[in-house]
Amino acid sequence: MNRMEFDILILNLLENGLSDQELRQLQDILVSSPEHLERYCEFVKNYAAVQAKIDSGLTIVPKGAGDSRSLDMSLWKALSEQERQAETVEIRPAAQTPELVMGVREKRRQLRLPRRISRISLYTAILGWVAMFLVIGYVIRYPRQVTLPTATLIESVAARWQDHAFEGKAGTRLYNTDVPRQLAAGLVKIRMDSGVEVLIQGPAEFRAEDTNQFYMTYGKISSTVPEGAEGFVVRTPAATVVDYGTEFGMLVDKTGRTEAHVFKGQVELRCGSDPIRHGGGQRLLGGLAGVVTADQRLDGTLRRAETAMFIRDVSEVNGSMLDGRQLNLADIVGGGNGFGSGKVLGGIDPQTGDFRAELDAALTRNQAASHRFVATPDFAFIDSIFIPGYDGQPAQVSTTGLVCDAFTRTSGLIWGYPFNGACHEGVGVPRHQLMLDGITPDEATGAALTLHSNVGITFDLDSIRRSLPAVVPVRLRARAGVSQTTTRFTDYDACVVFWILVDGKVRQSQPMRVSDGSFEIDVALDSTSRFVSLAATETDRGNAHNWALFLNPRLELDVSE
């Protein structure tokens, strides 16, 4: 950039203002070139001096001076003429001083003698200081950030990035000046240079700000902080979590609402995105959770940490379920998060609502249900379990009191418990894999839900939305029917009625015999839908061999970009 272009840039700064791009250009020039910095200070001083004269009524621009070159020459000529015609200030001659060494007082008196000072020189000195402070202020406001490495992406599972140009492979270094990374789906493991390891589950947007500081715009993160890395900070638009040596997880939705769940150790949850200047905080110990609202206020209510909402180790997940487009309900029944972390044969005790890990022999025979409805606090995404048609009365299907009166009266007998997987065992029937449409679900993946009549399960869509920021459940889908393996043990063509409820209202109801094969479940959901219930009931022929099976029961998800 030549001198004239540089002068015009400064003049625009002083009179018209500059765009952000022009400000950055000027900053780069001033930082990199001492000559330009000196010219900048000189120009600002002269500009201020001229402006002072203009304000006093002096005309310095001759008529016809229309371009910047003539303006530049005219400016200097006018300043020279003004200096020549400036009023002279009389300086009295100093008294004759002795040739011997003068005392301190005599020296001070001489230093105070009046001197001839031009007004423009005075203005120039003052404006020189002003210019210096302008430069300092500009550099403070628009600092040049040094690019430094902060973390390394060490592992990914089914990761899909919003920015297709960003490969995000193992070994990719992350820097403090990176743009925020958007993980559309999948899972990535990042090791901060401080040693902290974090797992990010998509969809999420994040940035590794420093070697021991992370920023989450939205998404889900779990962190393991080793000894020596205490003080790890995670900032969000509304809150800050400061670690004190622990394992914890965080949920951040697109409004900035932040949840902190402590698995062990302790953290401090603070209001506001500044870890130093904040609006109050809450110390959370292991097993507890806290919330900061989108408007940066502490909720104040202590909650139980919901560990099932988080993936804490890459080995917990099934990569085929991490495409970000569906949530597996069978996995959730197995105590998982819907992405493959559930336990095969894990399920819900219909009598207590507690988690069960094994199909005990005592459960492999029919028994009378003792409760018509039980809440399920052990499950993050399941609201309750209920016995439809228990006594001919409307069945309660949610903890909010929703009821359904569509079920006919049943015997109230139940077998086992609803679980993740597809098998059966009973009196005279050895344990074996169930089959539907010739398909035997893979026991390793548990992509099926066994739901013997007469039992129903209610899933909480609000908890699912809260756990997966930027994700919207839009459909419930599955195939369902009675296992074909019943024909190995009986000639009876067992029949089950399958029910799909949304907020207590019947959306699908289908009686199915073994000989009917399977049918498709496809139910649309909207943003107001709160609860989805799956249930199976006996017909008037009783519940013998009612081996009801849901193949790949799932919520289809829409990821809002």
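Asp437, Arg477, Arg479, Glu520 and Glu556 are tied together in a network of salt bridges, where a salt bridge is a side-chain nitrogen of Lys or Arg within 4 Å of a carboxyl oxygen of Asp or Glu. Keep in mind that this is a predicted model, so local features need pLDDT of at least 70 and side-chain atom pairs count only at pLDDT 80 or more, while totals for chains, interfaces and linings use all residues. Residues are numbered from 1 along each chain as its sequence is written, and side-chain values use heavy atoms, with hydrogens and water left out.

**Salt bridges**

- By the rule above, the count comes to 30 salt bridges.
- Glu197 and Lys189 meet through their side chains, at 3.3 Å from N to O. Glu197 counts as partly exposed because its relative accessibility is 23%; the cut-offs are under 20% relative accessible area for buried, over 50% for exposed, and partly exposed in between (1.4 Å probe, protein chains only).
- Asp299 pairs up with Arg303, and their closest N and O atoms are 3.3 Å apart. Asp299 is partly exposed at 32%, and Arg303 is partly exposed at 31%.
- Glu425 and Arg431 form another salt bridge, at 2.9 Å from N to O. With 39% relative accessibility, Arg431 counts as partly exposed.

**The open sheet**

- An open sheet is built from 6 strands in the order β18-β19-β27-β32-β29-β30, with antiparallel pairing. Strands here are DSSP runs of E with at least two residues, numbered from the N terminus, and two of them pair if DSSP finds at least two bridges between them.
- From one strand to the next, the twist averages 15°, with the axes being lines fitted to C-alpha atoms and angles running from 0 to 180 degrees between N-to-C directions.
- Zooming in, β19 (residues 382-386) and β27 (residues 455-460) run antiparallel and are joined by 4 bridges. Phe386 stands opposite Gly456 in β27.

**Around Ala305**

- Ala305 sits in the loop between β13 (303-304) and β14 (326-328). Its relative accessibility is 12%, so Ala305 counts as buried.
- Leaving aside neighbours within four places in sequence, Ala305 is in contact (heavy atoms within 4.5 Å) with His261, Val262, Gly287, Leu288 and Ala289.
- Ala305 and Ala380 are 75 residues apart in sequence, and their C-alpha atoms are 9.7 Å apart in space.

**Aromatic rings**

- The structure holds 12 aromatic pairs. Rings of Phe, Tyr and Trp (its six-membered ring) pair if their centres lie within 6.5 Å; planes under 30 degrees apart count as stacked, over 60 as edge-to-face and the rest as tilted.
- Phe407 and Trp499 make an edge-to-face pair, 4.8 Å centre to centre with 70° between the planes. That pair links distant parts of the chain, 92 residues apart: Phe407 is in the loop between β21 (403-404) and β22 (413-415), and Trp499 is in strand β29 (residues 495-502). Both Phe407 and Trp499 are buried.
- Trp161, Phe166, Phe206 and Phe214 come together as one aromatic cluster.

**Charges over rings**

- Arg181 lies over the face of Phe166, at 4.0 Å from the ring centre. The rule asks for NZ of Lys or CZ of Arg within 6 Å of the ring centre and within 35 degrees of the ring normal.
- Likewise, the charged end of Arg283 sits over the ring of Tyr244, 4.3 Å from its centre.
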